[in-house]
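Here is a short report for a first look at this structure. Keep the sequence and the 3D view open while reading.

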Amino acid sequence: MKSAVVVFPGSNCDRDAATALEQLTGQKPHMAWHQDTTLPDVDLIVLPGGFAYGDYLRCGAMAAQSPIMRDVKKKADEGTAVLGICNGFQVLTETGLLPGALIRNADLKFVCRSVALEVEETQSVFTRAYNKGERVLFPVAHGEGNYVADEETLDRLEQEGRVAFRYAPGDNPNGSARNIAGILSEKRNVLGLMPHPERVCDPLLGGTDGAALFKSLIETLS
Amino acid sequence: MTDTITPQVVREHGLSDAEYAKVKLLLGREPNLVELGIFSVMWSEHCSYKSTRAHLRTLPTKAPWVLQGPGENAGVIDIGDGDAAIFKMESHNHPSFIEPYQGAATGVGGIMRDVFTMGARPIAMMNALRFGEPDHPKTRHLVSGVVSGIGGYGNCMGVPTVGGEVNFHRSYNGNILVNAMCVGLARTDNIFLSAAKGAGNPVVYVGSKTGRDGIHGATMASAEFNEDSEEKRPTVQVGDPFTEKLLLEACLELMATDAIIAIQDMGAAGLTSSSAEMADKGGSGIELDLDRVPQRETNMTAYDMMLSESQERMLAVLKPGREAEAERIFKKWELDFAVIGRTTDTGRLVVKHHGKVVADIPVPALSDEAPVYQRPFDRATPRADAVVIDEKRSVTQSLLTLMATPDLCSRRWIWEQYDQTVMNDTVQRPGGDAAVVRVHGTKKALAITTDVTPRYCKADPFEGAKQAVAEAYRNLSAVGARPLAITDNLNFGNPEKPEIMGEIVAGIDGIGEAARALDFPVISGNCSLYNETNGEAILPTPAIGGVGLMKNVDRMATVAFKRDGDAIILIGETKGHLGQSIYLREIEGREEGNAPPVDLAAEKRNGTFVRGLIEDGKLDTVHDVSDGGLLTAIAEMAIGGGIGAMLYANTKSIPQLFGEDQGRYLIAIPKAEVDMLLFSARDARIPAALIGHTGGDKLSVEGAGAAATIADLRRTHESWFPRFMRGEEIPPTN
């Protein structure tokens, strides 16, 4: 599986994503600079966590206007898998690749801790190595992860089986609508999620529950 | 402000009459206002260490593994395989009291720059925080602002904040302490220093533009506070972590080339101190042209620019001809880059503005010739009052009370606002004895801790300072790391008062004695004096940041109990010292007695023994015994593992359960290994006693009444901080 990680000024989980990809695929991902206009031919594009452009406007709003994002959109439309983690998820909603928006956490504080998630959809290149309903522990680390969308959109996401991950009942860290932690695009080739799967791929760091997400991708895309 | 130098103007610049006379002597004339401003900041306590320099020279700073001791932006130690750890702790106390969010944020930003200016990528942050009484009207606002400021900056930088310490005491009501520590990683053959050697080399300015923010911050940090101090809000700088993140990446990219001769961050006293210090270390001169300085505001004067403490800026001296290459890198990261001067062989700092020379000062006048004071000091006799307690109090009730006191309760409310796991190398998060961060791509790890017990330092500044170093040593040993070096952040009151100067001198002596005995040299540090408001000094608070090395991170200990039926063994000697203990303060309501004495030889013996067991893979559960004594340590181990414990009757007295004797560790091992362990302890002359075993869901002490459930302990331990921050009425603790 060939992959690329997009680096915006202010990205800070780009190295973590690259390390996880390299450990699990044996191949170094291509690191794409935000001002590049085209990505190489890859099977997976990762938009990493961080504070692109300082998130001084709305989170992800400036990054969504980067030159590289035109090619990310084009490749996503053509079916390339795109994974947006944390700030990457915010960039995906700002570009319109995913519906809804991510606003300030309900308690207005940044939150970093492990949260229990339920894998709701296994019918995707990102989640097929999980069992439906499986509980996993992923860390979150964000100040603006509170997912919102209008009722119609939320209903539609649920009806179409596009809610990939939900916070387990009682463990919603940010007030997210319907406990949504991660959603899929209509064609199911784009996943955005607030928790960090790349931080739980090494037993020494507190778990390996995230490895199955990358394993799903490798099995499908290699 | 007028341009005429009157005695009033001199006083406003914090210079004494004698100091001003010395300025005139060194210049051979009256200074102009720009020059006066430059002298004022360079001779401030904050920049010149004029009260402490003579004493700081006595600290041990060398060891075979120390590559760079005090005097540079940060200290450097060799951690093998060509890797170096670079670290320092620094205070941002005064600004954080005036404007907690920005004060704390820029404290974090400043210490990170100190570390990455030396060529290191920051890999971990720690914070030692002291606030006033919880029910003081400002405390909640300050806690909230400081914590979000630290998080706001560190989280955006993508550097994990992995631990620290927090105390509450009324002596900090008007003067909180915010000490931030940064640890970075570099290669031993690619470390950058600040000596601007050679003449004719370009001096370049990189990072953010210069504004009028923070003018005279260093001078403010060198004076006492009074009611009007909040009017100093304009002297607090505003942080921009996004720009700092770009500056970090750009500097590291430039450092991968060989274009840099010297580099230094612009921290306190900005352009003035960076240029003067670089010229001083390089034995050169520097000529600056302020017209070329990137400016955020219009009509800035030379005075403004030389004294601005705008953040996220660096000054570097490049090899001639490498400017274009460097500029390309900084432009890529969308940062300002300007050649603003050159090095000279004149030994003078010459500043030009609008084509005119606005300052011309011999560099040594700002460094070597800066005043050094042997201030009179009065070392008080340590307290020796007897401690009497009510022996009949319920142990369980006292434990539940203690677990919910401000100084012992869980700090989860704080650390969950910090990204602790970014960079994917955090092996032990906050809540243990020391944080553990892996050296990326290796099996090695660094253990990091910050420690000091200010109430001990008040009772006996010498023993208290020893204790701070010893506790850092113990916390690193408790996770299985070999303690290598420390950074010290000396927070005290007004050194012009002999009794405060006595605390400073005794504190430095105590640190020195412990550092020598434990092979734990001081490689960097910072002094923050004048921590007084309306004449009331803080408790003496010499915070110690310690770093240790773990060769194999798979062999590590944590505090949590791991198995039912493990034997619990106490290493070290227990005499039941209750003087200055948390128990005495919180349960009996008295701050009395002397600090616990520290036997440094025993510290070393016990630490080496415990560390050896961890390194040999024989031990995975260890907790040092400190604040709150034996029983609170056991409670923390039980809460951590969700496993209860039964303590035998040999520990049941209150002094044994809650005394704060030093040099002690609790360990838990399978019962089958107890005989072997006790035998080897005896062999090494280490006091070791079997005091209980793990199991069940309660914590009980034989013969001491009802047990506490782990669930209750956890609930009470976790509840205080969130309730306090929500502003709920909290019942008195005793």
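## Chain A: elements and shape

How many helices and strands does the secondary structure of chain A come to? There are 5 helices and 11 strands. Bear in mind that this is a predicted model.

Along the principal axes, the C-alpha atoms of chain A fill a box of roughly 40 × 35 × 35 Å.

## Chain A: burial and contacts

Of the 222 residues in chain A, 58% count as buried. Now take the contacts in chain A with a separation of 6 or more. Residues 24 or more positions apart account for 75% of them.

## Where the chains touch

The contact takes 21 residues from chain A and 22 residues from chain B. On the side of chain B that touches chain A, three elements each supply at least two residues: helix H8 (139-157), helix H10 (241-255) and strand S14 (426-428). H8(B) gives the most, with 4 residues. By type, the residues on this side of chain B divide into 10 nonpolar, 8 polar and 4 charged.

## The largest nonpolar core

The largest nonpolar core has 309 residues. Those with the most contacts inside it are B:Val436, B:Ala447, B:Ile448, B:Val469, B:Ile634 and B:Ala638. Helix H18 (residues 461-479) of chain B provides the largest share of this core, 10 residues.

Look at B:Val469 in particular. Leaving out residues up to four places away in sequence, B:Val469 touches B:Ile486, B:Ile511, B:Ala514, B:Ala515, B:Leu518, B:Phe520 and B:Ile544.

How values were computed. Residues numbered from 1 in each chain as written. Chains lettered and ligands numbered in written order. Predicted model: local features only at pLDDT ≥ 70, side-chain atom pairs only at ≥ 80, totals over all residues. Buried ≥ 20, exposed ≤ 12 C-beta atoms within 10 Å, placed from the backbone. Contact = placed C-beta atoms within 7 Å. Nonpolar A, V, L, I, M, F, W, Y, C, P; charged D, E, K, R; others polar. Core = buried A, V, L, I, M, F, W, Y, C linked by C-beta atoms within 7 Å.
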